[in-house]
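Here is a short tour to follow with your viewer open. Keep the selection tool at hand, and take the stops in order.

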Amino acid sequence: CYFIRNGNLYRRVLLVRSPVSFAGKDLSDQPQNTQDVDFFSGETVTGYDGQFETVSAGPTNDFWTYFDFSAYPQVKTPPDLDGDGLEDWSARFSGLPSLSNDAGSIALGDPRYRFGFDPYTGLSREHLWKDGPYMGRFLHAETSADNFNFPQQHSLQEGAATRLLDNTAAPNGNPMDPRVEFSALNRFGIIPEFDNDPGGSNGRGGPRAFEDLLLANVHEMRIEVWDDRLADYVPLRHERVNALKGEPGDYHWSRMVNTAAGPSTVTDTPGSPSGPAVFDTWHPGINLDFDGNGTVSNAEKYPPYLSYDYYPPDRNDSPPGPSPVYAPADTSKKDYWRESTTYSAGDSTAVPPIEPDIVFARNATDSEYFGWDADGDGLYDWEADSLFATLNSLPPLPPQRFQIAYRCISGGTSGASAPKWPTKPGQIVQDGGVTWLAVDNRRPLKAIRITFQFENQQSGQMRQLTLELSLMD
């Protein structure tokens, strides 16, 4: 994690555990004792007290005072072992399987298991309070404070045995929860709740202060992403439009799919919704209630931005089919499939080249597909509507969201009914006189640019460092 706080650039490094095997035995990602019991399960010689044993200090719960591993809290079983009416935790290490999106519930593709994110909602903790001053991430000085404890145990109010309170004054103890509000930074740039000064508010934090400090006198850290539609680096939630085609860029605010997956960023653009300036790839099985309304909406299953090569034109849920949020108008034949329609494979020799027609699977009639809103709840939700159709023996919905498009490779007239659309890139289907090729429609993020501006301490001059980082092979 790289972030700016109080004019300082910090870098927090957390290791993914890869235990060394011995005598042909594969060790667990979770450190264990000689009885194969997890060392960080919260059991000590005195019974359960949410701590672990150290060689010199005995029982402690100061996990990130002693370790630099990526870890997250796991609810104990049963959840309330100490009888205080609140659930208890133990620390769980992230291992090499966490680097794979096939790792299931512990994949780092799921933000709940990353440093600086709420382990319940997956929301990023980067402000002192909602829409308040930016804090970035917790410093080593704060995570090594006596009362931080996370992820081994809940954080306590400084100098007390009670858990941190949230904004409703309820015991919470989860420092990554944005509902836990902190005081303004003290004169050392430390959050007072974790400054290791129970009698005041101007402590310097725990024993690991300044271990994560990378560069002082930093005036700006700017992160931009490469926008293919604009052929330029841009900030997320930008407002630029391609001058020749008149279409917004890939990371224009209007193409944001999930407006709840991060801190709100309010703009002055008319019609622009507030939402996160966040790019994230996410685990494909993400299922988080970011806005906290008790329901996981269709939009909450998407990352904030999911760029495509082709977008269907703006439609509603009735035939021919729905579109992504803020889908731009498109008068070309990059549309939903239609019966008895002439399609062309394009002409690459023309000047300028004529692109082939692109279509998406759609519900042509009820006899072919029951409809996008199969369960009749008024919401377009691919998973829920597909499940409803399956359970009620209705014709299935096409098993894709606009990740798969179909390119015409041999022109002609489409059939009177929809073909059985393939679901994997590279597969071909015949449709009357038209041949379609399934293509991966996703547009990957190709590069990011990071710019630092800082003051040279010896000369007093401003310096700028720009890093362009390619994400392509």
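Predicted model: local features only at pLDDT ≥ 70, side-chain atom pairs only at ≥ 80, totals over all residues.

**The whole chain**

Start with everything selected and a surface shown. Of the 473 residues, 47% are buried. Now think about contacts between residues at least 6 apart in sequence: 55% of these join residues at least 24 apart.

**A four-stranded sheet**

Next, switch to cartoon view and select β10, β11, β19 and β20. They make an open sheet with antiparallel pairing, in the order β11-β10-β19-β20. Its edge strands are β11, at residues 232–234, and β20, at 462–470, each pairing on one side only. On average, neighbouring strands of the sheet are turned by 25° against each other, direction ignored.

Zoom in on β19, residues 447–455. How many bridges does this strand share with β20? There are nine, and the two strands pair in the antiparallel sense. For a landmark, select Ile450 and look across to Leu467 in β20, which stands opposite.

**Charged pairs**

Side chains of opposite charge can pair when their charged atoms come close. In the whole structure, a search finds 18 salt bridges.

Select Arg443 and Asp250, whose closest N and O atoms are 3.3 Å apart in a salt bridge. This pair links distant parts of the chain, 193 residues apart: Arg443 is in the loop between β18 (434–440) and β19, while Asp250 is in the loop between β11 and β12 (334–336). Are these two partners buried or exposed? Arg443 is buried because its relative accessible area of 17% is under the 20% cut-off. Asp250 is buried too, at 1%.

Move to Arg442 and Asp440, another salt bridge, with the closest N and O atoms 2.8 Å apart. Here Arg442 is partly exposed at 47% relative accessibility, and Asp440 is partly exposed at 31%. While you are in this area of the tour, select Asp228, Arg229, Asp250, Asp309, Arg443 and Lys446 together: salt bridges that share partners join them into one network.

For one more charged pair, pick Glu211 and Arg208, whose side chains meet at 2.8 Å, N to O. Glu211 is partly exposed, with a relative accessible area of 48%, whereas Arg208 is buried at 10%.

**Aromatic pairs**

Last, colour the aromatic rings: the whole structure holds 28 aromatic pairs. Select Phe39 and Phe40, with ring centres 5.1 Å apart. Their planes stand at 85°, so the pair is edge-to-face. Phe39 is partly exposed at 32% relative accessibility, but Phe40 is buried at 4%.

Finish with Trp64 and Phe115, an edge-to-face pair at 5.2 Å centre to centre and 80° between the planes. Trp64 lies in helix α1 (residues 63–66) and Phe115 in the loop between β8 (89–93) and α2 (140–143), so the pair ties together parts that are 51 residues apart in sequence. Trp64 is buried, at 1% relative accessibility, and Phe115 is buried as well, at 7%.

Methods. Residues numbered from 1 in each chain as written. Heavy atoms only, no water. Pairing = 2+ DSSP bridges. Axes fitted to C-alpha atoms, helices over the stretch in contact; angles between N-to-C directions. Buried < 20%, exposed > 50% of the residue type's maximum accessible area, 1.4 Å probe, protein only. Contact = heavy atoms within 4.5 Å. Salt bridge = Lys/Arg side-chain N within 4 Å of Asp/Glu carboxyl O. Phe/Tyr/Trp six-rings, centres within 6.5 Å; stacked < 30°, edge-to-face > 60°.
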